[in-house]
Amino acid sequence: MHEMSLVTSLLSIIREEMERHALHRLLQVRARYGALANIVPEALSVAFEALTAGTDWEGAVLQAEEIPLSLKCSRCGQIFSPARQKRFSAPCPFCGEEQGHSIGAGRELYIQSMEAG
């Protein structure tokens, strides 16, 4: 379960931000992850709960949202989002090109916002 190491990294970033602003109580974190990041949302939540249990941050809420895959066509340059089942064989809806697209969004993981006191 790589979600445990991802949450460990997220919590480290959160800790740094909270120290920078002299905050102590974490209330909520909103994270966004790309469709290709191989993240299981339920596993992310379980890892967050496990790593915050017994700490000052216990009870904080993690809200995670998936960012859809966005591709840029190698032929015409148009940006499009393929259907979930067609991620790896995604013809461009504008010109029909099937190969060589570059990924514009879909691999990221970041903290969108957090609430703390």
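## Surface and basis of the model

The protein chain has an accessible surface of about 7200 Å², and 50% of this belongs to carbon and sulfur atoms. Accessible areas come from the Shrake-Rupley method with a 1.4 Å probe, and for residues only the protein chains shown count as cover.

The model is predicted, so local features need pLDDT of at least 70 and side-chain atom pairs count only at pLDDT 80 or more, while totals for chains, interfaces and linings use all residues. Residues are numbered from 1 along each chain as its sequence is written, and side-chain values use heavy atoms, with hydrogens and water left out.

## Overall form

The protein chain contains two helices and six strands. Starting at the N terminus, the order of elements is α-β-α-β-β-β-β-β. Helices (H or I, at least four residues) and strands (E, at least two) are DSSP runs, numbered from the N terminus.

The radius of gyration of the protein chain is 18 Å, whereas a compact globule of 117 residues would have a value near 13 Å. This radius is taken over C-alpha atoms, and the globule rule is 2.2 Å times the number of residues to the power 0.38. The C-alpha trace spans about 55 × 30 × 15 Å along the principal axes of the protein chain.

## Burial and contacts

Of the 117 residues in the protein chain, 32% count as buried. Buried means under 20% relative accessible area, exposed means over 50%, and partly exposed lies in between (1.4 Å probe, protein chains only). L69 is placed in the loop between β2 (61–67) and β3 (70–72). From L69 to Y110 there are 41 residues in sequence and 15 Å in space, C-alpha to C-alpha.

## Charges and salt bridges

The protein chain carries 11 positive and 14 negative side chains, and the centres of the two sets are 8 Å apart. Lys and Arg count as positive and Asp and Glu as negative, while His and the chain ends are not counted. The place of a charge is taken as NZ of Lys, CZ of Arg, CG of Asp or CD of Glu. Side chains of opposite charge can pair when their charged atoms come close.

The structure holds four salt bridges, a salt bridge being a side-chain nitrogen of Lys or Arg within 4 Å of a carboxyl oxygen of Asp or Glu. One of them joins R30 and E115, with the closest N and O atoms 2.9 Å apart. R30 belongs to strand β1 (residues 26–34) and E115 to strand β6 (residues 109–116), so this pair ties together parts that are 85 residues apart in sequence. R30 is partly exposed at 27% relative accessibility, and E115 is partly exposed at 35%.

Another salt bridge is formed by the side chains of R32 and E65, at 3.6 Å from N to O. This pair links distant parts of the chain, with R32 in strand β1 and E65 in strand β2, 33 residues apart. E65 is partly exposed, with a relative accessible area of 41%.

R75 and E97 also form a salt bridge, their closest N and O atoms being 2.8 Å apart. R75 is in the loop between β3 and β4 (79–80) and E97 is in the loop between β4 and β5 (102–105), so the pair ties together parts that are 22 residues apart in sequence. R75 is exposed, with a relative accessible area of 55%, whereas E97 counts as buried at 18%.

R25 is located in the loop between α1 (3–20) and β1, and is partly exposed with a relative accessible area of 46%. Not counting residues up to four places away in sequence, R25 touches M18, D56, E58, E115, A116 and G117. R25 and D56 are 31 residues apart in sequence, yet their C-alpha atoms are 6.4 Å apart in space.

A22 is also found in the loop between α1 and β1. Although A22 is not a glycine, its phi is positive, at about 55 degrees. A22 is exposed, with a relative accessible area of 57%. N38, in the loop between β1 and α2 (41–52), is a residue other than glycine with a positive phi near 55 degrees. N38 is exposed at 62% relative accessible area.

Terms used: Contact = heavy atoms within 4.5 Å.
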